[in-house]
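Welcome! Have a look at it first, and then we can walk through it together.

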Amino acid sequence: MARIVMKFGGTSVADLDRIRSVALRVKRQVEAGDEVAVVVSAMSGITNQLVGYCQSLSPLHDAREYDAVVATGEQVTSGLLAIALQAVGVDARSWQGWQIVLRTDGAHGKARIQAVEGEQLIARMQSGQVPVVAGFQGLGPDNRVTTLGRGGSDTSAVALAAALKADRCDIYTDVDGVYTTDPRIVPKARRLDKITYEEMLELASVGAKVLQTRSVELAMKERVRVQVLSSFGDGMLPGTLVVDEDEIVEQEIVAGIAYSRDEAKITVRKVPDRPGVAAAVFWPLSEAHVNVDMIVQSTGADGTTDMTFTVGRSDLALAIQVLQAAHGDIQYGEMLTDADVAKISVVGVGMRSHAGVASTMFRTLSERSINIQVISTSEIKVSVLIAAEYTELAVRALHSAYGLDVA
């Protein structure tokens, strides 16, 4: 007997027929003798609709009320799946984040999980019941519902798997695993049997949509084995396992190419070049929970500096508002923004022991006349910011340049 957490994304529960299919899949797992808990996302398109309602009423809406609205999508799905499971003879009960309790901090809209009190669910599972948990949501320190950010149901599932001491967390989605890049752009992309936590974390952080960044971060910290599977078809494909590096015998130099069109570039020009100026720029953004990614600083001869950095496109309006409010402290000359950019990243743990990965990237883009605006690196990643119109060309070219195409 194994203890399994099964998570189903929005496309997997998009309508009642798919919810029935999920119920049958869960039933097969239960009949195999496993203890099962299920985490669900909102039905496909529902969260976007709810977000749209909030933004239409007020672009800078109250984040606490935003959470109260958008968390309802998962509540509906969990109830429907519990009903579907009961209809096929499986003892099931739906649970909301505040009922478990899944406790978070107070950063509404992008809350972080602090603790999961899973004892009650363990008792239910041991008695043969299947808990169906609404993902994406938790309970903040003020006892108000919080949400974990887009894709947060993945994080809910991994956190629950850690709290339940599950043998594995199976994440079902609309793809049959993790690919070397988006197969919709590169038909020659190939599915990986295994990928390391670090590679998956980097790929998720730079745009790969298969898993949410924080879910991989948590899986790596808690050593939760994660399997990415397709919820469509006969379920026979093995998917991709996210595991420790020492479980992968033959390691590729580059595991994959990721891209993100959800980026916006901000340049703060003519900032006085003095100690503390970086803190004056980035501290207010941090306080407003605006995540900053790529950063470049260039100092001029006139005693001023320019700072260029990226934020999520959805955070651009808030970032502009924060920086305008901090103008007196920063004393910048002007602020320029560009939302028509994309981030392209090359990821692989093999970079640690192989030279030339970055130069291959720069040469390949240069040969296609693609200008690089910003560069950032880590031990196993090289990312560049380019004009959005070149996204697909860049991904195809780099996938071939690193020998990732299927023969």
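Two strands are said to pair if DSSP finds at least two bridges between them. Please keep in mind that this is a predicted model.

- Eight strands form an open sheet with mixed pairing, and their order is β3-β6-β2-β1-β9-β13-β14-β12.
- At the edges sit β3 (92-95) and β12 (194-196), each of which pairs on one side only.
- From one strand to the next, the twist averages 20°.
- Helix α8 (residues 197-205) packs on this sheet, where it touches β12 and β14 (240-243), and its direction makes about 80° with that of β12.

- Is strand β2 buried or exposed? Six of the six residues of β2 (residues 35-40) are buried, so this strand is largely enclosed by the rest of the structure.
- In a regular strand, side chains alternate between the two faces of the sheet.
- In β2, E35, A37 and V39 point one way, while V36, V38 and V40 point the other way, and all are buried.
- Strand β1 (residues 3-8) pairs with β2 in the parallel sense over six bridges, and R3 stands opposite E35 in β2.
- To get from β1 to β2 the chain passes through helix α1 (residues 16-31), and this β-α-β crossover is right-handed.
- Strand β6 (residues 130-134) runs parallel to β2, joined by three bridges; V132 in β6 is the bridge partner of V38.
- Strand β1 is also joined to strand β9 (residues 168-173), by five bridges in a parallel arrangement, with M6 opposite D170 in β9.

**Helices α3 and α4**

- The axes of helix α3 (residues 63-70) and helix α4 (residues 72-87) come within 5 Å and cross at roughly 20°.
- Angles under 35 degrees count as roughly parallel, and that makes α3 roughly parallel to α4.
- Where the two helices meet, A68, V69 and V70 come from α3, and T72, G73 and E74 come from α4.
- Sorted by class, this contact has three nonpolar, two polar and one charged residues.

- In helix α10 (residues 277-287), the buried residues include V277, A280, V281, F282 and L285.
- The buried residues of α10 pack against β15 (256-272), β16 (292-299), β17 (304-312), α11 (316-325) and α12 (327-330).
- Just after α10 comes H289, with a positive phi of about 60°.
- In helix α14 (residues 391-401), T391, A394, V395, A397, L398 and H399 are buried, and the buried residues of α14 pack against β15, β18 (334-347), α13 (357-367) and β20 (381-387).
- After α14 comes G403, whose phi is positive, near 70°.

**Backbone spots worth a look**

- Most residues other than glycine have a negative phi, and most peptide bonds are trans.
- I100 and V101 are joined by a cis peptide bond, with omega about 10°, and V101 lies in the loop between α5 (97-100) and β4 (102-104).
- F136 has a positive phi near 80° without being a glycine; F136 sits in the loop between β6 and β7 (137-139).
- With 5% relative accessibility, F136 counts as buried.
- K165, in the loop between α7 (152-163) and β9, has a positive phi of about 55° although it is not a glycine.
- K165 is exposed, with a relative accessible area of 69%.

Key. Residues are numbered from 1 along each chain as its sequence is written. Side-chain values use heavy atoms; hydrogens and water are left out. Buried means under 20% relative accessible area, exposed over 50%, partly exposed in between (1.4 Å probe, protein chains only). Helices (H or I, at least four residues) and strands (E, at least two) are DSSP runs, numbered from the N terminus. A crossover is right-handed if, with the strands pointing away from the viewer, the path from the first strand over the helix to the second runs clockwise. Axes are lines fitted to C-alpha atoms, for helices over the stretch in contact, and angles run from 0 to 180 degrees between N-to-C directions. Angles under 35 degrees count as roughly parallel, over 145 as roughly antiparallel, 65 to 115 as roughly perpendicular and the rest as oblique. Contact means heavy atoms within 4.5 Å. Ala, Val, Leu, Ile, Met, Phe, Trp, Tyr, Cys and Pro count as nonpolar, Asp, Glu, Lys and Arg as charged, and the others, Gly among them, as polar.
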